[in-house]
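Hi,

Here is the structure I promised to pass on. Have a look at it first, and my notes follow below.

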2 protein chains.
Amino acid sequence: MALINDNFIKIPSTYLFSEIAKRVAQHKENHPEAKIIRMGIGDVSLPLPDASVDAMIKAAEEQRHAETFRGYGPEQGYAFLREAIVLNDYKSKGINIEIDEVFVSDGAKSDTGNIGDIFSVNNRVAITDPSYPVYVDTNAMGGRAGEPDKLNVWSNLVYLPCDTGNNFVPQLPTEKVDMIYLCYPNNPTGTTLTKEELKVWVDYAKENKAVILFDAAYEAFITEENVPHSIYEIDGAQEVAIEFRSFSKTAGFTGTRCGYTVVPKVLMGYSEKGEKVALNKLWNRRHSTKFNGTSYVVQRAAEATYSTEGKKQVKALIGFYTENARIIREGLVKAGYTIYGGVNAPYIWAKAPEGLGSWEYFDYLLKEKNIVTTPGAGFGLSGEGFVRFSAFGSRQDAIEAMQRLEK
Amino acid sequence: MALINDNFIKIPSTYLFSEIAKRVAQHKENHPEAKIIRMGIGDVSLPLPDASVDAMIKAAEEQRHAETFRGYGPEQGYAFLREAIVLNDYKSKGINIEIDEVFVSDGAKSDTGNIGDIFSVNNRVAITDPSYPVYVDTNAMGGRAGEPDKLNVWSNLVYLPCDTGNNFVPQLPTEKVDMIYLCYPNNPTGTTLTKEELKVWVDYAKENKAVILFDAAYEAFITEENVPHSIYEIDGAQEVAIEFRSFSKTAGFTGTRCGYTVVPKVLMGYSEKGEKVALNKLWNRRHSTKFNGTSYVVQRAAEATYSTEGKKQVKALIGFYTENARIIREGLVKAGYTIYGGVNAPYIWAKAPEGLGSWEYFDYLLKEKNIVTTPGAGFGLSGEGFVRFSAFGSRQDAIEAMQRLEK
C-alpha cells in the first residue's frame, strides 16, 4: 500500500491569495465602476532588461545550429555565469567566494524549499515571524515542524517575532536551535538588519554549530550604508551560513527563472555520530541528482545582467521601484499611518489603525480607497495588525493611491 | 547543532562518468592519433527544432515590453502548454487526461527525483535493474533504500532484474512493494514492454494499492505497434500510475529544460491511518510550494513542438536518431555481437563476449576500436556484462564505428 508523507495533510491550505482574490472580486461586483489599484503584488511589473533579452535571443539562435547547440550543461550552472556571479556579487565587494561554492538554479523558491533535503528531520528550526511562507511549509513537509495548532502555529518551530516591540530585529531564541531562516531585506516587512545586528546571529550560529539560511533575494534594493548585501560581509559567516540569491526582483526574472545558492566549503554540518560533513558536498550531490541545470538561454540572460549595459538597466529597474517605495512611504506617513521598511526594500509594512486587524485594515483600504494590499496576518502571527504595500506597480498607481489615502 | 540527513553519506560517489572520462583521457594520452568515436552519450546532438527557437525568440521579445511582459506564471505551467500536452499526447490517442492533472516542470530528472517528497519513508520501493541511477539515489536520500552493501545493493530496495533470462521483462516481486519505478522504452537497455506485459504491473499495483512511477521519457522513439506510449493506454492505469514525460530526448531540450508529470485525480495514496488521499492534490502542493514555474520562454518553445511545423521537425529529429539506431543494431549483429533494444529506443544494449565484464568490454572497444560506450554495470548489478551504445551521435560516427567493428 503506497503510504503518503503524512506531513502533507497537516499543512493548512494557503488561502491568503485566494481569499484576497475573492474579496476583490466581491468588491468589484458591488462597485463595477471602482478603479482598483493593486499594491499587494510581489511580482515585478517592468519588463526584462534589454541586455537580457538580447542575450536570450542570441542564445536561442545558438540552439538552432548544430555547431553552437548546447545540450546538458553542468547541473551547477555554466562557468560563464558562476564566474560573473563570483566576480560581481562577491569578489568586487571583498568577499572571497569560489566558483564551486555557487550553485545556479531556477530560482530562490526552489532552493530555499529544497535545501531541507540535506538536513536531518530532527533539527530544531527557527523562523522569523512574519516570514515568506515557503520556509514554514517546506519544513512542515520535511517533518521538522511538528503539529500545527488552530492558529497555524507549529509545535516544533521556534518563531522569532519581529514587530514594533523589537523594532523588527529578531531576538536570539531562548531554546537552542539548529537551523535559522533569515531574510534581509525582509519579505514582508521591508526592514533590514545592520551588520552589528546580523553579527549577533553569526556568533550565535558559531557557538551553537547552527546553520543560517540567509535569503538575500532583495539585496539589490539596499540604499543605506551599514546594511549588509551579503551575510558573508560578517566575519566568519562562511562557516555558518548558506546564502540564497535571485535574479527575480533584481532584474525582473520572476517569469524567466534564475537564482543561485552559495554553500561555502568551510560550512559544516554534523552526522548523527558527530562527524563533520561539508554541506557544499551534500548540496552538490542533491543538486546534481535531482536537478539538471538551468536552461542555457536563461543562464545567458542572467549573465547579461552583469554586462555594462545590463548593470545600467538593472540599476534603472531598481531605481524605479525604489522611487515608488519612497512615494508610498511618504504618502502613507502624510496620511497619518505608521510604517516600517521601504527604504532598502520594495515592501512597506503599514500598521493598521488602532483596533483594526490585518483583514479589517485590508477591507477598509479595499472598500474605501479601492486599494488592494496584502494582509500581514497571512505571513504569520506577528504579521497581525499590518498590511504590506508593494512598490512593484506602476508610478501612476503609486501616486494615485497615495493621493487617495491623503484625502 | 545542525545535523545533516545521514542518508546522504551512505550514497556512494557516482564514479561512472568520471571513470569513463579518466580511461578515455588515458587512452588518448597513449594514442594521441586515435580518432575516438563517442557512443556513450545520453545527450542529443541535433539542435532545437526551428519552431521552438522561433517561439523562444518571439517570447523573449514579449519579455522586452511592459505590455507583453510575463512575470510569475502558474507553478503548474501555462494553460497554453498544458492544453497542447493534453490534446496531443493524450486526447488524440484516446486517453482522457485533464489539464489539472498535468504539471509542467524543468525536466523529468527533477520530477522523478522530487516525487518522493509526497510518499512515506516507510514504503517498499521496487526498481528495475539496471536502471537510471536517479531512482535509486533519490530513494536513498529520502530514507527508503536502507543501507548499501559493497556492491551498492541497497538493503530495502527490491530489485527487479531485467536480463537475457527474462528477455528484459521484469517479473513481479515475491515480496509486497508499494512504489514501482518503470521506465519504458527503457534506459539503459532500450527494451520495451508490450501492453500485455505492462498490464501485469497495473494489475499488481491495483491489487496491492501500489503506485507505479512510469518514466516515459523515450516514448517518441517507439516504432512498433503494441508498445504503449503511455501507461494510461492500459485500462485502469490512471488509478495506479504517475507518468513522467520530457521534451529532452523528443525535441532536443536537454539544455533548454522542460518536462511534465501527469498525476491523475483518481490516483490515491494512503495516510498512516489508512485514509485515501488524492496524490494529485499532494503533488500540486509540493509543486507550488517548492517550484515557481518553468521559464515562460521555455514553455513557449515546448508548445511550439506541437505546431504543424514543430511536429514535422520533431519527427525528423527522432527519425534521424532512429536511423542511427538501425545502423548500430545491424552493424553490431553483423560484427557478431548479441544485442537488445534499439528498435523503439535510442539505446542498444550489447552483450559482452563470453567471459568479459562490462568494464573489460568497454576497455576492449576503447583500446581496439577507439569507440567509447557506457559500461552496463554502471546502471546496476544486472547491467554487468553489457555496454550501452547510444544513437544520439552523428550519422557519420555511427557508420564509421560499425565499419570498425565489422572489421
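In chain A, 25 residues of domain 1 are in contact with 32 residues of domain 2, where contact means that the C-beta atoms, placed from the backbone, lie within 7 Å. This is a predicted model, in which local features need pLDDT of at least 70 and side-chain atom pairs count only at pLDDT 80 or more, while totals for chains, interfaces and linings use all residues. Residues are numbered from 1 along each chain as its sequence is written, and chains are lettered from A and ligands numbered from 1 in the order in which they are written.

On the side of domain 1 of chain A that touches domain 2 of chain A, α11 (308-334), β11 (339-341) and β12 (347-351) each supply at least two residues. Helices (H or I, at least four residues) and strands (E, at least two) are DSSP runs, numbered from the N terminus. The largest share of that side, 5 residues, comes from α11(A).

As for the domains themselves, domain 1 of chain A covers 14-43 + 309-406 and domain 2 covers 53-305, with bounds from an automatic or database domain assignment. Their centres, taken over C-alpha atoms, are 26 Å apart.

Now to the two chains.

Best wishes

Methods
Two residues are in contact if their C-beta atoms, placed from the backbone, lie within 7 Å.
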